[in-house]
Amino acid sequence: MPKAIWILVIGMTINVTGASFLWPLNTIYISQELGQSLTVAGSVLMVNAAAGITGNLIGGKLFDRIGGYKTIITGVSITMASAFSLAALHHSFTAYVVLLIGLGFGAGMMVPCMYAFAGAVWPEGGRRPFNAMYVAQNVGVAAGAAIGGLLASVRFDLVFLGNGLMYLSFFILAFFFFKNLQAEGNRASTSNIFEQTQKIENQKRFQALLLLCAGFLVCWIAYTQWASTISVHTQNLGIPLSYYSLLWTINGSMIIFFQPVIKFFIQRWVHSLKSQIYVGLSIFMVSYLILAQAEVFTAFVAAMIILTIGEMFVWPAVPTIAHQLAPQGKAGFYQGIVNSIGTGGRLIGPFFGGLMADVFGMAVLFYVLAAMFSISFIMTKIFDRGVPHLQFTRTAKEKSVS
């Protein structure tokens, strides 16, 4: 990979590691330290997610208008100030919510910029720059969650301090290295997506992105059940919490170490990004059909292994297609939409899953989710009909490896 991609990978890992110090512990802190109910804690996390969605969209737009460097510096400054304030202040519940909104908004601004930078500095890389960013995110999640748990066991304020120090490290990296990333998508653009020279063409591309993201949203709604309803379901079945945590260790380890296997499979047998998504969706469906029958831990392990294989096909493919769809000067805006869809799925998913589980039971929830993937299949099939001259295949350089 080019040096610029390695810089972005390091930056993404540091950024997500810092964010992951806190997000697994938010509910515990709000309920135990601030004395709020679980319902209130859930509402706070929804507000945090909403701030992230807003940050995704604004950050992507700013990438195109003022450049990725300035946008990332602004975003990391907001998150760094919020994190250090959490560590320094003996805050009330209101102060915590406000600062959590700042963390969500600032972090949301940075992610689409990182993806847009990756596509711009290595355009011939096809799916590979986006896959590298995806792996970096998962390394950060695994490292951050583990370190955050250790810090919380000593003193909770150390979590906020560690969070701020990681963002400070990212700020230093971005300040000295990101300004030199010569990304085409980093050029400012003052025109609206519907006001460019090729107005009709760009409208078709934007509509294609929205159709693709509609299917992507279904995937995220299903995926978030693993962090919400499934965690409760495993407890009701008498599976220890440590075993449930092991499922996420399996997920993170596979994403990091199975990349050569997935790469080999895609290079040999998958000839387009659409086919890559089809394969991933099919694997997703199998995972949720297994979950519908799961009553012992080994069944959940099997479902998680299958789910992880599916996500390694789908998650990097969507931002890759978004990059190909984006008109010149709109890469950040398109990546902002993709990332906001993922955040939106994390916002909607727990409520949808909880409601379905309460009314119909867990088995029905999993069958419904498996059936809902048909929506994703349909959206993937039709999304590019308005832009038939675009072929969402792997790059020539990628094909030459196989």
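Threonine 79 lies in helix α4, which covers residues 68-88; helices here are DSSP runs of H or I of at least four residues, strands are runs of E of at least two, and both are numbered from the N terminus. This is a predicted model, in which local features need pLDDT of at least 70, side-chain atom pairs count only at pLDDT 80 or more, and totals for chains, interfaces and linings use all residues. Residues are numbered from 1 along each chain as its sequence is written, and side-chain values use heavy atoms, with hydrogens and water left out.

Is threonine 79 buried or exposed? Its relative accessible area is 0%, so threonine 79 is buried (under 20%; exposed is over 50%, partly exposed in between, with a 1.4 Å probe and protein chains only). Beyond its neighbours within four places in sequence, threonine 79 is in contact with Gly102, Leu103, Gly106, Ala107, Met110 and Tyr167, contact meaning heavy atoms within 4.5 Å.

For the chain as a whole, there are 16 helices and zero strands. Of its 402 residues, 54% count as buried. Among contacts with a separation of 6 or more, 85% are between residues 24 or more positions apart.

Finally, I turn to another residue. Phenylalanine 177 is found in helix α7, residues 156-177. With a relative accessible area of 40%, phenylalanine 177 is partly exposed.
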